[in-house]
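Student: Could you take me through one part of this protein closely, giving the cut-offs behind each term as you go?

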Amino acid sequence: MKKKLILAATLVFIACAFTSCTKTCKTCKQVTYINGTYDHEDPLQEYCGLALAAVEATKDLTNGNSTIKWECN
């Protein structure tokens, strides 16, 4: 019985270790441009997984002469 518990715990540990290694994260910020010239930016934040996919899929927002873009590293 102990061997089964140790084996199960080992498999869970290995599964957790592999999924944490494949986690994709980037730091992103919103940058504002006015007439195509840099104006200001928001602080960097880390996004991972689905949140990162949502940020990267967001299109630029243009209102009049100002444009807000997401930039990720």
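This is a predicted model: local features need pLDDT of at least 70, side-chain atom pairs count only at pLDDT 80 or more; totals for chains, interfaces and linings use all residues.

Tutor: Residues are numbered from 1 along each chain as its sequence is written, and side-chain values use heavy atoms, with hydrogens and water left out.

The protein has two helices and five strands, and its elements run α-β-β-β-α-β-β from the N terminus on; helices (H or I, at least four residues) and strands (E, at least two) are DSSP runs, numbered from the N terminus. Of its 73 residues, 12% count as buried, where buried means under 20% relative accessible area, exposed over 50% and partly exposed in between, with a 1.4 Å probe and protein chains only.

Strand 5 covers residues 66-72. Seven bridges join strand 5 to strand 1 (residues 25-34), and the two run antiparallel; strands are said to pair if DSSP finds at least two bridges between them. Within that pairing, Lys-29 stands opposite Glu-71. Strand 5 is also joined by three bridges to strand 4 (residues 61-63), again antiparallel, and strands 4 and 5 form a hairpin with two residues between them, where Gly-64 in the turn has a positive phi of about 65°.

Thr-67 belongs to strand 5 and stands opposite Thr-62. The side chains of Thr-67 and Thr-62 also make a polar contact at 3.3 Å, that is, a pair of N or O atoms within 3.5 Å, of which, within protein, one must be able to donate a hydrogen and the other to accept it, residues adjacent in sequence counting only if both atoms are side-chain atoms. Leaving aside neighbours within four places in sequence, Thr-67 is in contact (heavy atoms within 4.5 Å) with Val-31, Thr-32, Tyr-33, Asp-60, Leu-61 and Thr-62. Thr-67 counts as buried because its relative accessible area is 17%.

Thr-58 lies in the loop between helix 2 (49-57) and strand 4, and a polar atom of the Thr-58 side chain lies 2.8 Å from the backbone oxygen of Ala-54.

As for the aromatic rings, those of Phe, Tyr and Trp (its six-membered ring) pair if their centres lie within 6.5 Å, with planes under 30 degrees apart counted as stacked, over 60 as edge-to-face and the rest as tilted. By this rule there are two aromatic pairs. The rings of Tyr-33 and Tyr-38 have centres 6.4 Å apart and planes at 80°, so this pair is edge-to-face. The pair of Tyr-47 and Trp-70 is likewise edge-to-face, because the ring centres are 5.7 Å apart and the planes stand at 85°. This pair links distant parts of the chain, with Tyr-47 in strand 3 (residues 45-48) and Trp-70 in strand 5, 23 residues apart. Tyr-47 is buried at 16% relative accessible area, whereas Trp-70, at 26%, is partly exposed.
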